[in-house]
Every structure is written in structure tokens, then in C-alpha cells.
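Here is a short briefing on a protein structure.

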Amino acid sequence: MVAPLYTTDSGLLFMQGLKILVVTVGLPARGKTHISRSLARYLLWMGIKTQVVSLGDYRRKFLGSAQKLPPDYFTHGEKTPETMELRGRIQTGCEQQIFDFFNDGGQVVIYDANNGTAAARNRVAQKFAADDIHIIFLESICTNKEIIEANIRSVKISSPDYKAWNADHAFEDYMRRIADHEKYYETIEEKTWPSIRIINVGEKIMMNVRGYLQSRIVFFLMNIHNRFRTIWFARSGQSLIEHSYRADSDLSPAGWDYAEALKDFLLKRRVKSLEARGLDPEKRKLVIWTSTRRRAHHTAWPFLAAAADATNEAQSPIGQIRVIQKPQMLEINPGVWDGLNVAQTKKYHPLDWERFTNDPYAYRVPRAESYHDLSIRLDPILTELEREQEDLLIVGHASVIPRGDLIEVTPASYGVTTKAFHFWDGPGRRGDVEDVGGVRDEDNFYENYAEDTAGKRVARAEPTVYSQP
């Protein structure tokens, strides 16, 4: 994250010192949750204390699934006094969570709810504006029926509200819920509050906002989409000179073998995953991002060779492959520490070492980059990552991902699903594996200072699955 750039000692944004409430507006199944959580992840990476507060999640937490609610809970118009009291209690409790987060030092809350009438959202805006909280309406409009149906089938009917329901019956019930909301829905016309309107999850965007952070939010939302794609992270192959930042060396023989193994494993995994979702691999592109270093770029070469062979043979379902070099993805510059291990760094640069350990994120070694500098360099990459709609492989440098592990990330409306695969145990892998020349490489400072990855060398028949908000 890049917190030191955007915050002061008080923890508030120095550009404005504002607390901001983003109030989502839109009919059900219009991508509000997807947009809310994507935006929250980006703001958190920026170092801004952000939270998504979902009215639906709060209601399910305290009342259970929709099957346990009164039949008029989701309908508009006349309601029984009991239902009105119940809805009011849930709404008040959920909005109190927003106040609690701000009172605890929070800076941005994204209120994920329908807020489909002018009266409903103006009530929310006035309530929080009275507490000096800046309001932004974020409306998601969707006119594409395919997007709406896909959202309902992939997200809504799998929620706890429809547990044990037949999928088609759940779909019909949710469509009836939408039809009832449409009778009373009022798109944003009022000019009292700043607003952002997104059409078809990023197809078009209109805004009436100003301010530094508000502009950053708009810029991020201009790149958002909800197309299914998978993102993989892998490390580059072993190079002839591993420990030097200045030496832009090529892959070693073991590095080329690793690149072939990565290509074989990922392409098989990708075909299997796409076919399981009913997608044709030949009609999908695979984009590969690497730095401009030879060891990273050349790790992707076997993919290009495989795509060329498939085109010539006209029988493999690989699809199109494109490799893009990005200078922003260069490894961190260690400066005067280049080629030193931890013991040598302590010996030859004791004062710099002390300053680094006191503030490892912000301290800049002479002629080097700090982790803060690296975060600033990577900032535009995050926006490009959000905008990319094709399957993507990112080939990185020395990191907490050892050679031979492949991290698979699948974005979804309620977060991301992460799986870890192991496919390589050859030379150049972290741990006790011998390096070039028969000696384990201990000279790469950032490699050895990174998080310990002991235990990842064990081959796994099945991937480890993590769910992240």
C-alpha cells in the first residue's frame, strides 16, 4: 500500500481530511457488490481505511435467509407494521456500523444497498452529512440483459437467501423481486449531492464530483468490468547470474526447463478450467505480463512457441497468446546492497541496516528504491490489472512465491478465490535446492529477507483454496 503518500499522522487524507460515504444506488443484480468490493480493495491498497457495509449481509447475519422473512419484506408499497418495524431495525443497525467505523478512524465507507428512491437515498445522505461526512452517490445502471442474467445465476441464487432452492425457481423468484423494484425505482436526477453513474459495469461513466480522492475513485471505476477471467502469478526462471540486479543475465539451462514446465502446467490447467465453465479456449486470449529483464521476458517465450505450433498444426485449443513487457514490473532496485546477503549488509552498512529495520517500508537505501517507491511505481499496473479482460499470467521476480508454485486468482463479486499449485522441484527453487554452480544462492538480499516459504516444497495433488474479501 502507499499509505505514507496519502495520509498524515492523524490518519486522515491530507488533501482534504474528509470522511467519505459512497452510497450505492441501483436495482438488484446490477453489479453494485462487485463494484463496491473492487473499489474497496483498491482504496485499501492506497492505504485508505475503507470498509464495505452491505445491508443485505447485515440482514442475513441477524435475520437469516430470505425464507425466514415476512412475505412483504422485499415488496414496495404497503407493508404490515411488523415488517416496517423489522426493516427499520435492520436499517438502523446497519447504518450504525457505518458510524462506528468512522468513529474508529475509518476514512471511506461504501454502503452497498439498493437506495432505489430519491427519498431513501436523500434520507441516508442527510443523516450522515449532518455528521460532517462527505456523500457520493454511486449508481450502477445495467441495460444488458445478459449481464443481469449472468449476475443472478452466478451470484444471487447461490446466496444464503436461496439455500436448497431449485436454480430455475430461485432465478424466477429473484426476477420477480427485480420487477417489483422497477416499479418504484428512481434514477439519480437530483444535483444536491456529488454522484457517479456507471452504465453496464464500466461501458460508460458519468460523474459530478470534484476533489483528489473522488477523482481517483472515478479513474479506477473507469477501468472496471465484470468479464470472467483468471489471473496467475509465477516467478521467472533461474538466470545465469541470480544475485545481481545490475546483471541482466539470460536464463540458465534449468531456467529454460522451468519455463517449459510452467508453460505445460498452466496451459493444461487453463484449458481444463475454461472447458469446465463451458468456454472455448480457442476463442480466448492469454496475455502475459513480464518486466523488461531477459530472465522474465524469456520465461514467457515457450508460450509463444506453443501458440505458433498450435497455429501451424491447427489442432490445439491454446488460443491466442500475447506477451507484453512492462518496465514498471522490474524488481526492486537494491542500490548499494546489490549482491549482498543479510550478514554482509549488517557488516558493511550497519547504519543503513538499522534505519531499514526501523522503517522497512519507507527507508531508501543509497541509490536504491524503498518499498514505498516500488508501490508508487506499481500504482498504474493495478489500474491496468483491473482493466484487463483477458486471462492473464504475471511473471514476477524474487518474491514470497518460490519457483515452482503457481498462484491462481479468480475475481468474483464477493471477493476473489485463490488456489496454489506446485509444479516444479528443479534447480533454482528456494529452500535447500542447490543453485548455479552447486551452491545455494545466498547473495540475493531481497530474496533471503522475504517471507519464509518453508513447507511449500511439498508437492500437492490438490490445490489449496483460499477465499479473500
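Helices (H or I, at least four residues) and strands (E, at least two) are DSSP runs, numbered from the N terminus. The model is predicted, so local features need pLDDT of at least 70, side-chain atom pairs count only at pLDDT 80 or more, and totals for chains, interfaces and linings use all residues. Residues are numbered from 1 along each chain as its sequence is written, and side-chain values use heavy atoms, with hydrogens and water left out.

**Second largest pocket**

- Helix H2 (32-45), helix H3 (55-63), helix H4 (81-103), strand E3 (108-112), helix H5 (118-129) and helix H7 (167-184) each give at least two residues to the lining of the second largest pocket.
- This pocket holds about 1100 Å³ of space. Its 45 lining residues include Leu55, Arg87, Ala113, Asn114 and His181, which are the closest to its centre.
- A pocket is an open set of points on a 1 Å grid over the protein atoms alone, where a 1.4 Å probe fits, with protein on both sides within 12 Å along at least five of seven lines; lining residues have an atom within 4 Å of a point. Grid points are joined across faces, edges and corners, and the volume is the space filled by probe spheres set on the points.
- By class, the lining has 16 nonpolar, 17 polar and 12 charged residues. Ala, Val, Leu, Ile, Met, Phe, Trp, Tyr, Cys and Pro count as nonpolar, Asp, Glu, Lys and Arg as charged, and the others, Gly among them, as polar.

**Strand E3**

- E3 is largely enclosed by the rest of the structure, because 5 of its 5 residues are buried. Buried means under 20% relative accessible area, exposed over 50%, and partly exposed in between (1.4 Å probe, protein chains only).
- Val108, Ile110 and Asp112 are buried on one side of E3, and Val109 and Tyr111 are buried on the other.
- Strand E1 (residues 20-25) pairs with E3 in the parallel sense over 4 bridges; two strands pair if DSSP finds at least two bridges between them. Ile20 stands opposite Val108 in E3.
- Strand E2 (residues 50-54) also runs parallel to E3, joined by 5 bridges. Here Val53 stands opposite Tyr111.

**Loop between E5 and E6**

- Asn200 lies in the loop between strand E5 (195-199) and strand E6 (204-208). Its phi is near 50 degrees, a positive value in a residue other than glycine.
- Val201 is in the loop between E5 and E6 too. Its phi is positive, about 50 degrees, although Val201 is not a glycine.
- Asn200 is buried, at 7% relative accessible area. Val201 is buried at 4%.

**Aromatic contacts**

- The whole structure has 12 aromatic pairs. Rings of Phe, Tyr and Trp (its six-membered ring) pair if their centres lie within 6.5 Å; planes under 30 degrees apart count as stacked, over 60 as edge-to-face and the rest as tilted.
- Trp256 and Trp301 form a tilted pair, 6.2 Å centre to centre with 45 degrees between the planes. The pair links distant parts of the chain, 45 residues apart: Trp256 in helix H9 (residues 253-276) and Trp301 in helix H11 (residues 301-313).
- Trp256 is partly exposed at 29% relative accessibility, and Trp301 is partly exposed at 40%.
- Tyr258, Phe265, Phe421, Phe423 and Trp424 form one aromatic cluster.
- Arg293 lies over the face of Tyr245, 4.5 Å from the ring centre. Lys326 lies over the face of Trp289, at 4.7 Å. A charge sits over a ring if NZ of Lys or CZ of Arg is within 6 Å of the ring centre and within 35 degrees of the ring normal.
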